[in-house]
Amino acid sequence: MSSRDRSSRRGGGDRSGFSGSRRGGGSSRGGYSGGPGGRGSLKGKQPGERLRKPRWDLSKLLPFQKNFYREHPNVERRTTQEADDYRNHYEITIRGPNIPKPVANFEEGCFPDYVMEAVRLQQYQHPTAIQAQSWPIALGGRDLVGIAQTGSGKTLAYILPAIVHINHQPPLQRGDGPIALVLAPTRELAQQIQQVAIDFGHTSRVRNTCVFGGAPKGPQIRDLERGAEICVATPGRLIDFLEAGVTNLRRCTYLVLDEADRMLDMGFEPQIRKILEQIRPDRQTLMWSATWPKEVRALAEDFLKEYVQINIGALQLCANHNITQIIDVCEEQEKENKLFSY
């Protein structure tokens with residue numbers, strides 16, 4: 001059966017695979033009781049306190065496919081020394097068993113036609129270092145930790161495999177939550193990630209939504225109720241919706257933690273742990289970070305299984321030298337003209 005023939009694949013039924021009822025808001029079809037007074041009773045309580053940790057029964061979970069990587073003949077012919085030379089040139093260091101060779105271009109990634117069509121429309125020429133090494137690992141269904149500077153192309157490193165992953169799963173049914181969940185620390189980053197999902201997901205009709213605080217809940221609730229295969233979310237707003245029964249994570253099989261170090265710095269660790277408890281334990285998890293402090297290592301050890309670690313450049317936080325920063329000290333009335341001149 002073709003992975004693109006999504007309408008003919010089976011769906012529906014109870015795919016939860018865990019015991020215990022959903023709490024805190026009734027049905028997933030609009031049971032949210034938010035609004036100005038909807039959260040008043042939660043004052044002084046911990047984030048996610050109303051969420052019950054599921055007792056997962058792996059024998060009852062619906063099996064899902066997550067290994068889609070087929071090595072391109074050019075990559076297969078590449079010697080181990082040539083692969084090591086590529087990694088050395090781009091300062092790629094790796095740790096873990098059975099590391100696949102990096103790909104040198106999009107064609108070697110063996111992406112389906114619907115992904116390559118989006119790549120051509122966006123006029124991307126070559127993958128970045130983090131993309132070249134992470135795609136074979138992510139497409140292979142393995143857990144991954146990627147450490148690279150901001151601006152190194154991490155978003156596309158996990159969005160393209162997410163699209164392939166989604167197109168190999170049964171289609172969403174009424175009441176289903178997302179298949180791919182991306183957690184991000186800020187609304188600005190979440191919106192940037194969503195734009196990449198829009199740019200590269202429209203050729204395969206992969207729907208997405210962006211869930212973050214500081215914006216009206218209504219449109220976000222409607223997106224979740226209509227069904228979105230990709231949900232990009234900040235932890236706090238997602239916890240609100242999970243507690244209220246607006247959505248669930250029973251269908252989530254592809255999890256991304258973006259800028260994990262920043263999320264921990266901002267105090268999101270309790271929310272992250274609560275959210276991850278709601279996702280089936282045999283999911284695929286990808287964690288991305290600019291640095292590798294002990295707190296991020298602890299999170300990876302707790303929630304990732306036999307993961308591969310990829311590092312681009314130094315482990316310490318530093319500026320990305322591919323980004324030009326221009327500082328111009330000027331008077332207030334000069335700012336607008338100077339901004340338009342750059």
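**Entry 1: aromatic pairs**

I count two rings of Phe, Tyr or Trp as a pair if their centres lie within 6.5 Å, taking the six-membered ring for Trp. I call planes under 30 degrees apart stacked, those over 60 edge-to-face, and the rest tilted. The model I am looking at is a predicted one. By this rule I get 6 aromatic pairs.

I looked up Phe 106 and Trp 135 to begin with. Their ring centres are 5.3 Å apart and their planes stand at 45°, so I note the pair as tilted. Phe 106 sits in the loop between β3 (92–95) and α3 (113–122), while Trp 135 belongs to helix α4 (residues 129–139). The pair thus ties together distant parts of the chain, 29 residues apart. I find both Phe 106 and Trp 135 buried.

Next came Tyr 124 and Phe 200, an edge-to-face pair with 5.3 Å from centre to centre and 85° between the planes. This pair also links distant parts of the chain: Tyr 124 lies in the loop between α3 and α4, Phe 200 in helix α6 (residues 187–201), and 76 residues separate them. Are these two partners buried or exposed? Tyr 124 is partly exposed, at 37% relative accessible area, whereas Phe 200 has 2% and counts as buried.

**Entry 2: the whole chain**

I stepped back for some totals. The protein has 12 helices and 10 strands, and 50% of its 342 residues are buried. Among contacts with a separation of 6 or more, 78% are between residues 24 or more positions apart. I get an accessible surface of about 16900 Å², with 48% of that area belonging to carbon and sulfur atoms.

**Entry 3: helix α6**

I checked the length of α6: its 15 residues should span 21 Å at 1.5 Å a residue, and the end C-alpha atoms are 20 Å apart, which agrees.

Which residues of α6 are buried? I list Leu 189, Ala 190, Ile 193, Gln 194, Val 196, Ala 197, Phe 200 and Gly 201. They cover an arc of only 160° around the axis, so they lie on the same side of α6. A reminder to myself: an α-helix has 3.6 residues a turn, so residues three or four places apart point the same way. As for partners, the buried residues of α6 pack against α3, α5 (154–167), β5 (180–183), β6 (208–211) and β7 (230–233).

**Entry 4: the nonpolar cores**

I looked for the largest nonpolar core and found 55 residues in it, with Tyr 158 and Leu 160 having the most contacts inside. Helix α5 supplies the largest share of this core, 9 residues.

I opened up Tyr 158. Beyond residues up to four places away in sequence, Tyr 158 touches Val 182, Ile 193, Tyr 254, Val 256, Asp 258, Leu 286 and Trp 288.

Leu 286, one of the residues touching Tyr 158, got its own look. Leu 286 is in strand β9 (residues 284–289) and is buried, at 0% relative accessibility. Setting aside residues up to four places away in sequence, Leu 286 touches Ala 138, Leu 144, Tyr 158, Tyr 254, Leu 255, Val 256 and Leu 257. I also took the C-alpha distance from Leu 286 to Val 308: 9.6 Å in space, for 22 residues in sequence.

**Entry 5: loops**

I searched for positive phi outside glycine. Glu 91 has a phi of about 55°; it sits in the loop between α2 (80–89) and β3 and is exposed, at 54% relative accessibility. Gln 123 has a phi of about 60°; it lies in the loop between α3 and α4 and is exposed too, at 63%.

Last, Thr 234. I find Thr 234 in the loop between β7 and α8 (235–244). What does Thr 234 contact, leaving aside its neighbours within four places in sequence? The answer is Ala 184, Pro 185, Thr 186, Arg 187, Val 211, Phe 212 and Gly 213. With a relative accessible area of 8%, Thr 234 is buried, because my cut-off for buried is under 20%.

Technical notes
Residues numbered from 1 in each chain as written. Predicted model: local features only at pLDDT ≥ 70, side-chain atom pairs only at ≥ 80, totals over all residues. Heavy atoms only, no water. Helix = DSSP H or I, 4+ residues; strand = E, 2+ residues; numbered from the N terminus. Buried < 20%, exposed > 50% of the residue type's maximum accessible area, 1.4 Å probe, protein only. Contact = heavy atoms within 4.5 Å. Areas by Shrake-Rupley, 256 points an atom, 1.4 Å probe, with all protein chains shown as cover. Expected span 1.5 Å × (residues − 1). Arc of directions from axis to C-beta. Core = buried A, V, L, I, M, F, W, Y, C linked by side-chain atoms within 4.5 Å.
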